[in-house]
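Me: I have a model open and would like to go through it with you. Could we take it piece by piece?

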Amino acid sequence: MAIESVPNQNPRRMPRQRRSSVTVEIILEATLQILLRTGTSELTTTLVAERAGVSVGSLYQYFPNKQALFFAVNERYLDRLAARIEEVCLALHGAPYAAMAEGVISEYIKIKMERYELTHALYHAAEDIDVSEIVETMCQRVEAASQAMFATASDATFQDLPALNMTLMNVLFGTVRTFFDRNSPELLNRQLQEQLIILFCTSLRSGRRTL
């Protein structure tokens, strides 16, 4: 499916006052509710404004079109995801590498599964609207946090940690995305997490620097 060419997906202006911030949050939550119910096909600024209880003119102060709405929803979702992974990675500094692997994998899948239908809707809608820039930003943040974490492992140092870490994170991203593409939530269970942990630990063990 072709990705739409959108001249401006960014919000018109960022809210500075608390009242404006609340309005934006209400608009974005209304956008999420419509995405969950209908997907991007029936998402319109008019429908979002009605759902949010604001005028279309008020909505346009922040979002010029539905693409900007969808972009902002994705940006907020991915920013929160990255922040939670960063927090987990920081908390695991100095732990054994197996505990680090388990912590990152478990938290990433937990975040994705907390609002399964939302995650599935955002993955599906991203086929129509280009969000590659904000996805790349999220990936870079997660990779930076996990690399910094693994560098402090109490029981190993690694020969080429940047390449090893990037490979493992992309395995995690891709595996979870595949199960959402297949719409198979029952497969994202503890057994899958354990298999990913085994894969991570095997790769980390192989990538250790020998004395």
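Me: Which residue forms a salt bridge with R76, and how far apart are the closest N and O atoms?

Reply: This is a predicted model, and in it R76 forms a salt bridge with E25, with 2.5 Å between the closest N and O atoms.

Me: How many salt bridges are there between domain 1 and domain 2?

Reply: The count between domain 1 and domain 2 is four salt bridges, while one residue pair is found in polar contact across that interface, with both residues at pLDDT 80 or more.

Me: Where do the two domains run, and what separates their centres?

Reply: The domain assignment places domain 1 at residues 18-66 and domain 2 at residues 74-207, and their centres, taken over C-alpha atoms, are separated by 30 Å. Seven residues from domain 1 and nine residues from domain 2 take part in the contact.

Me: What area do they bury between them?

Reply: Domain 1 and domain 2 bury about 760 Å² between them, and 63% of that area is on carbon and sulfur atoms. On the domain 1 side, L32, L36 and T40 supply 56% of the area buried against domain 2, which is more than any other three residues supply.

Me: Changing topic: is S146 buried or exposed, and why?

Reply: S146 counts as buried because its relative accessibility is 0%, and the cut-off for that class is under 20%. S146 lies in helix α7, which covers residues 132-150, and, leaving aside residues up to four places away in sequence, S146 touches C89, N165 and M169.

Me: And N183, what is its phi?

Reply: N183 has a positive phi of about 50°, although N183 is not a glycine. For context, most residues other than glycine have a negative phi.

Me: Where does N183 sit, and how does its accessibility class come out?

Reply: N183 is in the loop between α8 (161-181) and α9 (190-206), and N183 counts as partly exposed because its relative accessibility is 42%.

Me: Last one: what is the mean pLDDT of the chain, and where is the pLDDT below 50?

Reply: The mean pLDDT of the chain is 87, and 91% of its residues reach 70 or more. Over residues 1-7, however, the pLDDT is below 50, and this stretch has eleven contacts in the model beyond near neighbours in sequence.

Me: How should I read those contacts?

Reply: Where pLDDT is low, the predicted coordinates should not be read in detail.

Methods. Residues are numbered from 1 along each chain as its sequence is written. This is a predicted model: local features need pLDDT of at least 70, side-chain atom pairs count only at pLDDT 80 or more; totals for chains, interfaces and linings use all residues. Side-chain values use heavy atoms; hydrogens and water are left out. Helices (H or I, at least four residues) and strands (E, at least two) are DSSP runs, numbered from the N terminus. Buried means under 20% relative accessible area, exposed over 50%, partly exposed in between (1.4 Å probe, protein chains only). Contact means heavy atoms within 4.5 Å. pLDDT is the predictor's confidence in each residue, from 0 to 100. Domain bounds come from an automatic or database domain assignment. Buried area is the accessible area (1.4 Å probe) that two parts lose on being put together, summed over both. A salt bridge is a side-chain nitrogen of Lys or Arg within 4 Å of a carboxyl oxygen of Asp or Glu. A polar contact is a pair of N or O atoms within 3.5 Å; within protein, one must be able to donate a hydrogen and the other to accept it, and residues adjacent in sequence count only if both atoms are side-chain atoms.
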